[in-house]
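I opened the notebook to record what I looked up in this structure. The entries follow in the order I made them.

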Amino acid sequence: MLDPKIDSFLKELEGFARENDRMWNIPPETGRFLHMLVRATNAQSALEVGMSNGYSGIWIASALRSTGGHLTTLEADPWKVELATENFAKAGLQDIITIVEGDARENLGSLEGVFDFAFVDATKDQYLTYLKLIEPKMAPNSLIFADNAISHGASMQDYFDHIQSSSGLEGVMVPIGTGVMMALKDA
Ligand SMILES: C[S@@+](CC[C@H](N)C(=O)[O-])C[C@H]1O[C@@H](n2cnc3c(N)ncnc32)[C@H](O)[C@@H]1O
């Protein structure tokens, strides 16, 4: 179950996003979907590309709290890094989150370790670049989620094509929120 304190903080952030239209947060149902999947798969090492002020990161990390896992999240905008740092501390999740500030296209390649859960939600026409950098770091049978797969599908066609043509990935479109492309990295 989602911690009631986190639940009420997420609602506060939803109010903030209604007044600050540059947060571009995922819809709450997508957050709950990711939260449930982290728990159901017992994910230990999650990666997020496109953190904004930390809204989706809080959904993911609050689930990692119960699995004993850790989140690494990437964001290019220093103002958003400041907001997220504050929000992760308010949510009491700062000890299980590492923020990597800067362009994900430059930073993904040098991340250490293996990930078993990834959420991509940054610049839509860069998704394929992120995926190519993420793929070698993903564990067998791990999941890679990409947001806005319905709302911004036209900008993500190369991403879909890559998944469809890759022998190491299986994909399915999940019609939740603005659409989530869910991919499984084969063992
Ligand atoms: C849709 S928002 C992320 C929303 C966040 N996932 C949430 O639901 O709370 C996309 C974010 O990605 C960041 N971004 C875009 N391109 C990026 C890149 N190449 N590297 C790192 N961050 C990037 C933007 O600054 C923006 O904050």
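**Pocket and cores**

I began with the lining of the largest pocket, whose residues divide into 11 nonpolar, seven polar and eight charged. The model is a predicted one, and I kept that in mind for every entry.

I then looked up which residues sit nearest the centre of this pocket. Among the 26 lining residues, they are Gly50, Glu75, Asp121, Ala122 and Thr123. The space in the pocket comes to about 380 Å³. At least two lining residues come from each of helix 3 (55-67), strand 2 (70-75) and helix 5 (104-107).

Next I turned to the largest nonpolar core, which holds 35 residues. Ile58, Ile60, Phe117 and Phe145 have the most contacts inside it. I listed the elements that give two or more residues to this core: helices 1 (4-19), 2 (28-40), 3 and 4 (78-90), with strands 4 (115-120) and 5 (138-147). Helix 3 gives the most, seven residues. I also noted a second, separate core of 26 residues, including Leu47, Ala104, Phe115 and Leu128.

In soluble globular proteins, nonpolar side chains tend to be buried together.

Not counting residues up to four places away in sequence, Phe117 touches residues including Leu34, Ser45, Ile60, Met138 and Phe145.

Which element holds Ser45? I found Ser45 in strand 1 (residues 45-49). Leaving aside neighbours within four places in sequence, Ser45 is in contact with His70, Val114, Phe115, Asp116 and Phe117. For Val114 I noted a distance: its backbone oxygen lies 3.3 Å from a polar atom of the Ser45 side chain.

Conventions: Residues numbered from 1 in each chain as written. Predicted model: local features only at pLDDT ≥ 70, side-chain atom pairs only at ≥ 80, totals over all residues. Heavy atoms only, no water. 1 Å grid on protein atoms, 1.4 Å probe; cavity = no way out; pocket = protein on both sides within 12 Å on 5 of 7 lines; lining within 4 Å. Points joined across faces, edges and corners; volume = space filled by probe spheres on them. Helix = DSSP H or I, 4+ residues; strand = E, 2+ residues; numbered from the N terminus. Nonpolar A, V, L, I, M, F, W, Y, C, P; charged D, E, K, R; others polar. Core = buried A, V, L, I, M, F, W, Y, C linked by side-chain atoms within 4.5 Å. Buried < 20%, exposed > 50% of the residue type's maximum accessible area, 1.4 Å probe, protein only. Contact = heavy atoms within 4.5 Å. Polar contact = N/O pair within 3.5 Å; in protein donor to acceptor, adjacent residues only side chain to side chain.
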